[in-house]
Each structure stands twice: as C-alpha cells, then as structure tokens.
Amino acid sequence: ADLAQPDLDPGEHAGLAGAGVSSGLIMLFSSTLLFTRKGTDMTDFSKRSVIKLAALTAVAAAALVGCGKKEEPKAEAPAAAPAKAEPLKIAFAYVGPVGDGGWTFAHDNGRKAMEKEFGDKVVTSFVEKVPESADAERVIRDLAQQGHQIIFTPSFGYMEPTLKVAQDYPNVKFESITGYKTTANVATANARYYEGRYLAGIAAGRMSKTGVAGFVAGFPIPEVLQGINAFALGMRSVNPQAMVKVVWLNVWFDPPKERDAAMALFNQDVDVIAFHTGSTAVMAAAQERGKMAVAYHSDMRRTGPDAQIVAITHQWGNYYTERVRAVQNGSWKSGNVWGGVREGMIRVGDFGSRVPAAVQKEVLAAQKAVGAGRLHPFRAGNAAVRDNEGHEVIPAGQTLSDQQILQMNWLAEGVQGKLQR
C-alpha cells in the first residue's frame with residue numbers, strides 16, 4: 001500500500017527534493033574517492049578528473065539547494081507624479097490707479113474675479129497709471145517680454161500701441177478693451193454703456209428739480225457721444241423739456257480737472273450730474289455741493305453717500321474669465337464682443353437713499369425691458385429723433401443699427417454744445 005505523505009508546501013517539497021539529490025551526489029563523490037584509494041596510485045589525469053568531479057558535484061548541490069528557496073518579490077518603485085502645469089501668466093495695463101472706484105477699479109474687480117475662478121492655475125499682474133502715449137507701448141512691450149501669455153489693455157488710447165506690440169509677439173494674445181481694430185492675435189471688446197446711460201437718464205429726469213443735468217466728458221469719440229445722447233433721451237422720456245450741459249476735458253483721468261468742471265456746471269443750474277471720466281472726483285464734488293450724481297463704472301456710495309442716485313456698473317469678471325479659459329483650452333480666437341444688459345456686462349442699480357421706491361421700480365423695469373430687447377435707447381417712437389441742430393437722425397419708428405451707433409457723430413436735441421466735424 002502507498003504510504004501517507006506529510007502535507008508540505010511547494011517550497012518545503014522542493015527543499016527536501018534538493019536535499020535528497022545532493023546526498024546522492026555526495027555519496028557518488030565518496031565512492032569515487034574510495035575507488036581510487038583501493039586502486040593503484042592516481043595519475044595526474046585521474047587526479048584532475050576527481051577534482052573536476054568534486055567541483056561539479058558541489059556546484060550541482062548548491063544549485064539544487066538554491067531551487068528550494070522562496071523568491072522574495074521586489075518592491076516596485078513608486079510611479080512618478082505628473083508634472084504640474086505652469087500657471088498661465090496674465091497682465092493688465094491700467095490708465096489710472098486702481099483706487100476705490102471708477103474705470104480702473106471696475107476692471108481690476110474683473111481681474112480679481114477671474115483670478116478667484118482659476119486659483120493657482122493663473123498668475124496675474126498689472127501696471128497702473130500708464131499714460132496713453134509712447135509709455136503705453138513701452139509698458140505693453142515689457143509685459144510681452146516678461147512672458148505673459150495674454151495681455152488686457154483696457155483703454156481706448158492703448159489700441160494702436162497694442163496693435164504695434166502684437167505684431168512682434170504673434171504667440172501672445174492681446175485684448176484691446178474699447179478698441180475696434182483686430183488682428184490674428186488682437187481681439188477687441190466693449191460694453192453697450194449707452195444702455196445704462198439711458199436708464200440713468202430716467203432716474204435723473206425723475207429726480208432733477210431744475211430739469212438741467214451736467215455731463216463731464218473725456219473725449220468726443222462715438223462711445224462718449226452714445227452715452228451723452230442716451231442719457232439725454234432717457235431724461236427727456238420722462239421730462240421732454242430736460243437739458244444736458246456738457247464740458248469736454250480732452251483727458252480721461254485728471255481728478256482736479258474733473259472736479260473743476262463739475263463745480264462749474266453746478267453754477268449753471270445743474271442739480272444732477274453724470275460723467276465719462278476715470279475717477280470719483282465728480283461724485284466727490286456733488287457730495288461737497290449737496291447735488292446729485294450718477295456713478296459710472298462702479299458703485300460710488302462710499303465717495304458720495306448722499307449724492308449718488310444710481311450707478312451704472314461695468315461687469316468685466318465674466319468676460320475676462322471666459323477669455324482666459326479660451327487660452328487655457330486652446331480655443332481662443334480673435335473677434336469683437338459688444339455686450340450690454342442682456343449679456344450681463346452693464347448693470348444699473350445701487351440706488352441712493354433719496355431715490356423713491358417708485359423711481360427705482362421704474363428704472364429696474366426699464367432695465368429688464370432693455371435686456372429682453374423690448375426697449376432700445378436709439379429707437380424713435382411716433383416722432384423722429386433730431387440732433388441739437390434740428391437734423392433728423394433717427395426716423396420715426398426706426399432703430400439705429402449697430403454700425404450707425406458705432407459711427408455716431410451728433411449730439412441729441414436737448415444737449416447744449418457743438419462738435420467739431
């Protein structure tokens with residue numbers, strides 16, 4: 001009968017087998033030695049044969065014994081962590097200081113909103129108080145040389161310097177804010193500020209006691225003319241006799257000059273004022289004189305807690321975020337964006353404490369109508385819209401096209417002032 005075998009794991013079994021074979025080889029080696037002792041003296045050849053046999057026997061034994069050892073698995077080296085992508089470098093050139101209100105403040109809020117969205121995937125920087133002169137080209141070029149991959153230049157006077165630098169840096173994306181010329185690596189964007197101006201005009205028309213508003217303006221470019229005319233049309237939609245007096249500064253940012261212009265207007269029966277300049281100086285002047293003012297770019301109630309009746313705020317965060325996202329995923333393309341209330345780039349609100357609830361409700365309802373396309377600042381009703389020289393500029397029942405708005409070169413009826421043509 002077969003004998004029962006003890007339970008052995010494979011390693012133990014191999015070890016025992018190896019030990020048995022080794023014993024056999026050793027016995028064979030011993031027998032060989034015994035045979036040679038019994039015979040005659042070994043020749044050199046015999047000696048060498050025995051030595052070889054002994055060596056082979058030892059090697060075989062070692063190999064067989066080794067077969068019985070368990071092989072320890074080698075630890076795998078940890079996989080290398082994927083290299084972290086370098087953050088996208090983004091730069092901004094600002095025409096004024098960031099401050100606590102105004103044009104630059106609004107754009108810097110947009111920068112911060114975009115930065116918050118992407119966290120450590122982006123690195124942003126800015127240069128403030130860059131004059132619209134040769135300095136602009138120098139600063140923009142320096143930002144490109146520093147390796148920024150997208151550069152935002154939010155001022156009309158930066159358009160040409162941006163285009164010039166972009167020619168030398170075809171792999172850098174440029175965003176010319178308020179510009180209108182595009183190239184393969186220069187996009188433009190602007191907001192329909194005139195929509196907010198019309199809505200603010202409604203509030204001013206309701207609040208003014210004298211029916212005379214002031215307007216401190218930078219330069220007589222189409223964007224500013226759109227704002228002045230929309231403001232006047234908004235006022236006259238609730239007070240057909242309203243007037244708007246304009247002072248031109250021929251500069252975007254000059255707080256002392258802005259303040260002086262506002263003070264001069266307040267001396268001409270103006271009791272509510274608007275402006276298209278870069279600082280909070282006009283709002284501060286209104287607060288000082290006890291007058292009313294429309295904030296522009298940002299909420300300015302910190303500067304004019306009693307003066308502000310409403311604010312037209314510019315919302316750049318979403319635009320900056322989407323353009324940076326496009327660079328990150330490789331979908332960025334040059335183009336032109338002109339957004340307004342519907343796109344969320346313009347918002348009217350932040351009413352002052354003196355504004356009655358009924359007026360607030362009226363303005364907000366009009367804002368909703370603008371966003372829905374039911375109300376257009378440059379749509380004539382039953383009567384044609386005329387300029388302040390009596391010429392028909394919008395036929396009755398008609399609406400200006402975007403191209404006509406972009407080329408605006410007239411002042412509406414009710415606006416005091418002349419344009420050099």
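The chain holds twelve helices and 15 strands. Both are DSSP runs numbered from the N terminus: helices are H or I of at least four residues, strands are E of at least two. The model is predicted, so local features need pLDDT of at least 70 and side-chain atom pairs count only at pLDDT 80 or more, while totals for chains, interfaces and linings use all residues. Residues are numbered from 1 along each chain as its sequence is written, and side-chain values use heavy atoms, with hydrogens and water left out.

Of the 421 residues in the chain, 45% are buried. Buried means under 20% relative accessible area, exposed means over 50%, and partly exposed lies in between, with a 1.4 Å probe and protein chains only. Take the contacts in the chain between residues at least 6 apart in sequence: 65% of them join residues at least 24 apart. A contact is a pair of heavy atoms within 4.5 Å.

Two strands pair if DSSP finds at least two bridges between them. Axes are lines fitted to C-alpha atoms, for helices over the stretch in contact, and angles between N-to-C directions run from 0 to 180 degrees.

Strand β5 is mostly covered, with six of its six residues buried. Val186, Thr188 and Asn190 point one way from β5. Ala187, Ala189 and Ala191 point the other way. On one side, β4 (residues 173–177) runs parallel to β5 and is joined to it by four bridges. Phe174 has Val186 in β5 as its bridge partner. β5 also pairs with β11 in the parallel sense, again over four bridges. Here Ala189 has Val337 in β11 as its bridge partner, and Asn190 stands opposite Trp338 in β11.

**The seven-stranded sheet**

A further open sheet has seven strands in the order β12-β10-β9-β8-β6-β7-β15, with mixed pairing. Its edges are β12 (346–349) and β15 (415–416), each with a single partner strand, so one side of each is left without a neighbour in the sheet. β9 (residues 292–297) and β10 (residues 308–314) pair in the parallel sense over five bridges. The bridge partner of His297 in β10 is Thr313.

Helix α6 (residues 193–207) lies across β6 (212–217), β8 (272–276), β9, β10 and β12, at about 175° to β10. Helix α9 (residues 281–289) lies across β6, β8, β9 and β10, at about 160° to β9.

**Empty space**

Rolling a probe the size of a water molecule over the atoms shows where empty space is left. The search uses a 1 Å grid over the protein atoms alone. A cavity is a set of points where a 1.4 Å probe fits but cannot get out. A pocket is an open set with protein on both sides within 12 Å along at least five of seven lines, and lining residues have an atom within 4 Å of a point. Grid points are joined across faces, edges and corners, and a volume is the space filled by probe spheres set on the points.

| Space | Volume | Lining by class |
|---|---|---|
| Largest pocket | About 400 Å³ | eight nonpolar, seven polar, one charged |
| Second largest pocket | About 340 Å³ | twelve nonpolar, three polar, four charged |
| Largest cavity | About 140 Å³ | five nonpolar, six polar, one charged |

Ala, Val, Leu, Ile, Met, Phe, Trp, Tyr, Cys and Pro count as nonpolar, Asp, Glu, Lys and Arg as charged, and the others, Gly among them, as polar.

The largest pocket holds about 400 Å³ of space. Its lining has 16 residues; Thr178, Gly179, Tyr180, Asn190 and Leu406 are the closest to its centre. β5 (186–191), α7 (222–238) and β11 (336–339) are the elements that give two or more residues to this lining.

The second largest pocket holds about 340 Å³. It is lined by 19 residues, and the closest to its centre are Leu233, Arg236, Ser237, Arg379 and Val385. α7 and β13 (385–386) each supply at least two residues of this lining. α7 gives the most, with three.

There are two cavities of 30 Å³ or more. The residues lining the largest cavity include Thr178, Glu223, His276 and His297.
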